[in-house]
Amino acid sequence: MPAQNESADGSSAPYKQHVNVHEVMKGAHLDVAITKPADPPIILPINDIPGDTKYTPEEIDARKKLAAVYRLVDYFKWTQIIYNHITMRVPGTEQILINPFGLQYYEITANKLAKITLDGQILDRGPTNYGVNRAGYIIHTAIHEARPDIHCTLHLHNTAVAAVSSMKCGLLPINQEAMIIGPVAYLDYEGIFESDEDKKELREKIKDLKIKLLFLRNHGFVAMGETAEEAWLLTYYTVLACETQVKTMVGGLDNVIIPSGKAVQQAYDFVHRGSYTHDNKAWKQYRYGEFEWEAWMRELDTRGYVTGHEY
């Protein structure tokens, strides 16, 4: 059996697995090496906050949840090396937590997160010497400044969402995931965010409190939530909705059936009531996204991620 940092053929390749097709397909006449992504050989615990921490209980909870979101993005293979960013407001403050620019998402833990002010001062770099991505600072501080109701924000470049962001029609309510997302906004591409001036139009696009999903044209998206649970579920549904739309549009827009506005609204209202059972007996009341979050935390914990989630 190969060592943990070796591939199936004995070579040293900690992040890839090599499969010999000749061995698994009868009748094959050629040995073809196929490489595919694999989990890192060692799973770092999400909850690595030391016992003598200086952080408040509220900040510890925010750190665990934000680190879990990073690891979920990595788990679903939606990362882009060290790029993109996710933030969480430290409860009761004007400070936000963000990834140190240089770490991959599988390396993010609760204790490694950086903390900055809304005007860009780095208050806590964590145990690394890394700084903060400039574009990440621009996007996320603009949102947290403009929307005090938003506590968690994800910015990703998922390929399906980037594809839909480039379509003139934008996101269409042609699948249930798209319907339950709710209203969305669009920001035209004018280059990479690099100055405080870039914040103005971004703030303008999200001033409507109903907007929690912003498509960045030819670029990606920003999902916003009052909680980490809401922001993550919105991200998950957005990716599914866009993947479905990209596949559906192969047949052309003229062949697509778009449900009535009444049906779309009913789907949105139904889901946003929160989760409940058929009879609602002995049922804990979950806010939007919380029920699904517990399922994801169980999955991560079962796989050894040590989320620190309190069930």
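This is a predicted model: local features need pLDDT of at least 70, side-chain atom pairs count only at pLDDT 80 or more; totals for chains, interfaces and linings use all residues.
1. As to its place in the chain, R147 lies in the loop that runs between α3 (134–146) and β7 (152–156). Its side chain is joined to that of D149 by a polar contact of 2.9 Å. When residues up to four places away in sequence are left out of the count, R147 touches R89, I206, D208, L209, I211 and K212.

2. Is S260 buried, partly exposed or exposed? With a relative accessible area of 43%, S260 is partly exposed, since buried is set at under 20%, exposed at over 50%, and partly exposed in between. This serine is found in the loop between α7 (228–248) and α8 (261–271), and although S260 and P173 are 87 residues apart in sequence, their C-alpha atoms are 9.3 Å apart in space.

3. Helix α9, which takes in residues 290–302, has 13 residues and reaches 18 Å from its first C-alpha to its last, close to the 18 Å expected at 1.5 Å a residue. Within α9, the residues E290, W293, E294, W296, M297 and L300 are buried. Seen down the axis of α9, its buried residues fall within an arc of 165°, so they line one face of the helix.

4. Which elements are included in what covers the buried residues of α9? Helices α2 (57–75) and α7 are among them. Just after α9, the residue G304 takes a positive phi of about 95°.

5. For the chain as a whole, the secondary structure comes to nine helices and 10 strands, and 45% of the 311 residues count as buried. Of the contacts in the chain with a separation of 6 or more, 62% are accounted for by residues 24 or more positions apart. The accessible surface of the chain comes to about 16,300 Å², and 52% of that surface belongs to carbon and sulfur atoms.

Notes: Residues are numbered from 1 along each chain as its sequence is written. Side-chain values use heavy atoms; hydrogens and water are left out. Helices (H or I, at least four residues) and strands (E, at least two) are DSSP runs, numbered from the N terminus. A polar contact is a pair of N or O atoms within 3.5 Å; within protein, one must be able to donate a hydrogen and the other to accept it, and residues adjacent in sequence count only if both atoms are side-chain atoms. Contact means heavy atoms within 4.5 Å. Buried means under 20% relative accessible area, exposed over 50%, partly exposed in between (1.4 Å probe, protein chains only). Accessible areas come from the Shrake-Rupley method with a 1.4 Å probe; for residues, only the protein chains shown count as cover. The expected span of a helix is 1.5 Å times one less than its number of residues. The arc is that of the directions from the helix axis to the C-beta atoms.
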